[in-house]
Structures are given as structure tokens and as C-alpha cells.
Amino acid sequence: MCMAYYESRYTTNALNDNGGSRDYGIFQINSYWWCNDGKTSGAVSACNISCTNMMNDDISDDITCAKRVVRDPNGMGAWVAWNKYCKNKDVSSFVSGCGL
């Protein structure tokens, strides 16, 4: 929740151009490594999904891809926002009232 907040402010259709690749959706899934946008040269697209699928309010496919990202050796460290704002911080306020 912390990472999604700082990556997109929970905006499901967020788009950020990185000058060669783009980050899509609530988790800002990158078009070079994780999704296919048909524009990014040399893309790996490890989630085997179209980046346009990351741009709607149904985040089930976004979650599936984010889980794939976390399985990578970098884990949550793949997200700049996680490293800068969430890692080793008290993030309990992001799930307060969720019954977790």
C-alpha cells in the first residue's frame, strides 16, 4: 500500500514516461522489464501482458504482475518509491483500519 501510494497515489491509470520506457498503472509497472507497450525497444516483458491492461480499475492483472516483480531478485527494491519512502519505515498507517 505504501509503495502504490508513492508510485501513483493509487491512480489506476497513472502513466509516467521515463525517456525510453514507461511506467503504467497503480504499481507503475515498467514497459522495459515487465509489460509490453509496443513502443519500448528491447523490452523483456516478463509478465507477458500488455501495458494497457495496467491502465484500468480492475487491478487483478496488475497484482499478478506485481507479484512476479517481487519474485525477481530485486524484490520490492524494483520500485524506487519503496526504497525511498517505505523500506525500513513504519508503514502501518497504510493498512490501519483494514483488519490485517
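Lys and Arg count as positive here and Asp and Glu as negative, with His and the chain ends not counted.

View A. The mean positions of the 9 positive and 10 negative charges lie 7 Å apart, each charge being placed at NZ of Lys, CZ of Arg, CG of Asp or CD of Glu. This is a predicted model, in which local features need pLDDT of at least 70 and side-chain atom pairs count only at pLDDT 80 or more, while totals for chains, interfaces and linings use all residues. Residues are numbered from 1 along each chain as its sequence is written, and side-chain values use heavy atoms, leaving out hydrogens and water.

**View B. The disulfide of C2 and C86.** Here the sulfur atoms sit 1.9 Å apart (a disulfide is a pair of cysteine sulfur atoms within 2.5 Å). C2 belongs to helix 1 (residues 2–8) and C86 to helix 3 (residues 80–86), so the link ties together parts 84 residues apart in sequence (helices are DSSP runs of H or I, at least four residues; strands are runs of E, at least two; both are numbered from the N terminus). Both C2 and C86 are buried (buried is under 20% relative accessible area, exposed over 50%, partly exposed in between, with a 1.4 Å probe and protein chains only).

**View C. The disulfide of C47 and C65.** These sulfur atoms are 2.0 Å apart. The torsion about the S-S bond is about 90 degrees, so this disulfide is right-handed. C47 is buried at 17% relative accessible area, and C65 is buried at 2%.

**View D. C98, a cysteine in no disulfide.** Its nearest cysteine sulfur, that of C2, is 13 Å away. C98 counts as partly exposed, at 49% relative accessibility.
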